[in-house]
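Work through the exercises below with the structure open. Each task is followed by a solution in steps.

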Amino acid sequence: MTKKKSLLKEKTITMKELDSSFKFEVAKEPGGKNIKRCFSCGTCTVTCPVFSVNDKYNPRKIIRMILLGLREEVLKSDFIWLCSGCYSCYELCPRDVKITNLMIAVRNIAVREGNIPMPMKSIVDILQKFGRLLEVSEFENIVRLKKGIPELNPTIPEVKKVLKKTDIEKVIRNSDKDD
Amino acid sequence: MIKQKYALFLGCTVSVKGINYELSTRRVAEKLGLKFVDIPEFACCGFPLNSIHHNSALVMAARNLALAESNGLDIIVLCSACGGYLTEVQKLFADKKNKDEMKYINEKLKELGYNFNGGVKVKHFARVLYEDIGLDKLKKFIIKPLKGIKIAPHYGCHYIKPSKIFDGFDDPILPQSLDKLVELTGATSIQYKDKLQCCGGGILAVDEETSVKMTRQKLENIKEKNADAMTLICPFCSIMYDEFQSTIESTFESVYNIPILYYPQLLGLAMGLDPKKDLAVKQNQVKVKPLLEKIDKLYGVKEYVKTS
């Protein structure tokens, strides 16, 4: 993914560039329902442990961008992938925007639009292969037997079926096309 | 109510990187009279897929839940992220609020030959210790109180949050369960700045620099309080604080040397279990030896030193 300068600092936004339907699109996505409740108090940002070390991730600003309709800027950004999923903002948001779930909703839309970071894409490949995010090798099972705990299946082939039936391949293929 | 038998859900990380967590949990559970059933078809919980394709994640989780349900068992998790996500999907069925999602999941499960009715409880092992077995009963198993040992508890995020899915068993802003579990071993649970800070593991794959900066903050805060060790209950938090500790030390030119123990390892020590054979302390990346030596001193013996 390309690195971009923070766009709000750099340029004037004109109404023409805005997609006013974006907030409705996000609201329809599972997890995005409460987006329009946000009144920009900033509780999310001040409580965010990611923001405290990297201000590229600013949940208050991201929500504002969605409400304004900066669709492409949000969906093509790196910053939507920086939420660590800690639920600090989720617990404290006075408007119950459920920001952790909201970020997941936005990411789902971004993936369908062909924007998926490489490490996320490899999650799918690895799960298809092993059924787990990490490979259980022969070595692990030798150690397990030595410690007297049950061996693990090195692969769980059914996961591939789950992914196929839920159309993840179509979603990922779409992102290949745009690479 | 205490159930005697649970399905043990390991998930991805514990299976490969957390043998010390798994072994100590199993040994502690044996002592307490809990029985674990291993279901070989259990796979990834689904959580890592949630950011990519919501529908795949839901069905992955529901399939695991259905496997437990068909065995008539509730689930014990060791990974807090697995616990959070499996609980979220279980609640979806229990609350019956989102009919569309339930319908979709059931359709897909049926095609795969499964059926899920929502009748499975998911609980973190630490929550079972705290809530079901209870502090009073646990205290009876403590034969080597860790008196004077200072432990920094790390709750992590998904163990207690989002709080609405965890039936209020602990407070998301001022949690106490892990502190109390630490105290029952005889150790002192120390308070430190930003105790609920996230480990940063959730973004390790996409932005390692930001991730380890988050990890470092807590190591700094704990060092300031001279903790003998940190205790935690999630394998991903352990990757950050234990596995990455030396990387952080060299990157930021600092020294921490803070042993990171899974809570069942800490409890196991106080229960008199063998550090090496039962608790696999050699698998911990930061050496646990200084802590074991300190415990040895309490009892005027040298048994831990020999084994570590």
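Two strands count as paired if DSSP finds at least two bridges between them. The model is a predicted one.

**Exercise 1. Determine the strand order of the open sheet of four strands in chain B, and identify its edge strands.**

Solution. 
- Step 1. The order is E6-E5-E7-E8 (chain B), and the pairing is parallel.
- Step 2. E6 and strand E8 (260-262) of chain B pair on one side only, which makes them the edge strands.
- Step 3. Now take one pairing in detail: E5(B) and E6(B) run parallel and are joined by two bridges. With a threshold of at least two bridges, this count is enough for a pair.

**Exercise 2. Describe the surroundings of strand E1 (residues 5-9) of chain B: is it mostly covered or mostly uncovered, and which strands does it pair with?**

Solution. 
- Step 1. Apply the cut-off for buried, under 20% relative accessible area. Four of the five residues of E1(B) are buried, so the strand is mostly covered.
- Step 2. Strand E2 (residues 35-37) of chain B pairs with E1(B) in the parallel sense, over three bridges. In this pairing B:Phe36 of E2(B) stands opposite B:Tyr6.
- Step 3. Strand E3 (residues 74-77) of chain B also runs parallel to E1(B), with four bridges joining the two. B:Leu8 has B:Ile76 in E3(B) as its bridge partner.

**Exercise 3. Characterise the interface of chain A and chain B by contacts, buried area and polar interactions.**

Solution. 
- Step 1. On the chain A side 56 residues are in contact with 58 residues of chain B.
- Step 2. The two chains bury about 4,700 Å² between them, and carbon and sulfur atoms account for 66% of that area.
- Step 3. Three salt bridges are found across the interface. One of them links B:Glu22 to A:Arg144, with the closest N and O atoms 2.6 Å apart; the cut-off is 4 Å.
- Step 4. There are 16 residue pairs in polar contact across the interface, both residues at pLDDT 80 or more.
- Step 5. Several helices of chain A each supply at least two residues of the side that touches chain B, including helix H9 (138-147) and helix H10 (158-165). H10(A) provides the largest share of that side, six residues.

**Exercise 4. State the domain assignment of chain A and the separation of the domain centres.**

Solution. 
- Step 1. Chain A is assigned domain 1 (18-112) and domain 2 (118-177).
- Step 2. Taken over C-alpha atoms, the centres of domain 1 and domain 2 of chain A are separated by 29 Å.

Conventions: Residues numbered from 1 in each chain as written. Chains lettered and ligands numbered in written order. Predicted model: local features only at pLDDT ≥ 70, side-chain atom pairs only at ≥ 80, totals over all residues. Heavy atoms only, no water. Buried < 20%, exposed > 50% of the residue type's maximum accessible area, 1.4 Å probe, protein only. Domains from an automatic or database assignment. Contact = heavy atoms within 4.5 Å. Buried area = accessible area lost by both parts, 1.4 Å probe. Salt bridge = Lys/Arg side-chain N within 4 Å of Asp/Glu carboxyl O. Polar contact = N/O pair within 3.5 Å; in protein donor to acceptor, adjacent residues only side chain to side chain.
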